[in-house]
Amino acid sequence: MNFFKKYRSQMLIGTLAGAINGILGAGGGILITYHLSHTLDKEEKKQNGVFANAVATMLPISLSSLIIYFTKGKVPLNSSFFKIAICAPIGAILGAILLTKLKLKTVKLIFSSLIIVCGIMMIFR
């Protein structure tokens, strides 16, 4: 089977997620997480593979967007940028450790709640 035919849905999701991330600065991971939750096998889902795989795909997406933003002068190199950039990996490490200890249902609840709360806040602010 042709590579592109076999993996076209993953390639389409990756392209869409990259475009969403490039436009909004975030959000591509939501699309990837949704897609993986419907395509990964039961064992991978049970091991929180959906969220781990989504995070792994976000690095190249985020770096690609960052390069474009940076070359266009859109990255504010002020003190808050550096505070966030330095502390975010600490949170990522703690979150990744926590992910291995949480049940899938709990992670889904946290993820869904975050999306709902952020969406409501964006509408009303």
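Biologist: Where is the place of Ile30?

Modeller: Ile30 sits in helix H3; helices here are DSSP runs of H or I with at least four residues, strands are runs of E with at least two, and both are numbered from the N terminus. This is a predicted model, in which local features need pLDDT of at least 70 and side-chain atom pairs pLDDT 80 or more, while totals for chains, interfaces and linings use all residues. Residues are numbered from 1 along each chain as its sequence is written, and side-chain values use heavy atoms, without hydrogens or water.

Biologist: Why does Ile30 count as partly exposed?

Modeller: Ile30 counts as partly exposed because its relative accessibility is 41%. With a 1.4 Å probe and protein chains only, buried means under 20% relative accessible area, exposed means over 50%, and partly exposed lies in between.

Biologist: And what does Ile30 touch, not counting residues up to four places away in sequence?

Modeller: Ile30 touches Phe111 and Ile115, where contact means heavy atoms within 4.5 Å. Phe51 lies 21 residues from Ile30 in sequence, with 9.8 Å between their C-alpha atoms.

Biologist: Let us step back. How many helices and strands does the protein have?

Modeller: The protein has seven helices and zero strands, and along the sequence the pattern reads α-α-α-α-α-α-α. Along the principal axes, the C-alpha atoms fill a box of roughly 45 × 35 × 30 Å. The protein has 125 residues, and 18% of them are buried. Of the contacts between residues at least 6 apart in sequence, 49% join residues at least 24 apart.

Biologist: Back to H3, then. At what angle do H3 and H5 pack?

Modeller: Helix H3 covers residues 28-39 and helix H5 covers residues 49-71; the two pack at an angle of about 145°, and their axes are 9 Å apart. The axes are lines fitted to C-alpha atoms over the stretch in contact, and angles run from 0 to 180 degrees between N-to-C directions.

Biologist: Which residues meet there?

Modeller: H3 brings Gly28, Gly29, Ile32, Thr33, Leu36 and Ser37. H5 meets them with Val50, Phe51, Asn53, Ala54, Thr57, Met58 and Ile61. By class, this contact of H3 with H5 holds seven nonpolar, six polar and no charged residues. Ala, Val, Leu, Ile, Met, Phe, Trp, Tyr, Cys and Pro count as nonpolar, Asp, Glu, Lys and Arg as charged, and the others, Gly among them, as polar.

Biologist: What about Ala17, is it buried or exposed?

Modeller: Ala17 is buried, because its relative accessibility is 0%. Ala17 belongs to helix H2 and touches Gly28, Leu31, Ile32 and Ile61, leaving out residues up to four places away in sequence.

Biologist: Over to H5. What is Ser65 in contact with, beyond its neighbours within four places in sequence?

Modeller: Ser65 is in contact with Asn21 and Gly22. Ser65 lies in helix H5 and counts as buried because its relative accessible area is 9%.

Biologist: Now pockets. Which residues lie nearest the centre of the largest pocket?

Modeller: Ala26, Gly29, Val55, Met58 and Ser62 lie nearest the centre, among 41 lining residues. Helix H2 (8-24), H3, H5, helix H6 (79-99) and helix H7 (104-124) each give two or more residues to this lining. A pocket is an open set of points on a 1 Å grid over the protein atoms alone, where a 1.4 Å probe fits, with protein on both sides within 12 Å along at least five of seven lines; lining residues have an atom within 4 Å of a point.

Biologist: What classes make up that lining?

Modeller: The lining of the largest pocket has 30 nonpolar, 11 polar and no charged residues.

Biologist: Which element gives the largest share to the lining of the second largest pocket?

Modeller: H7 does, with four residues. The lining of the second largest pocket has five nonpolar, three polar and two charged residues.
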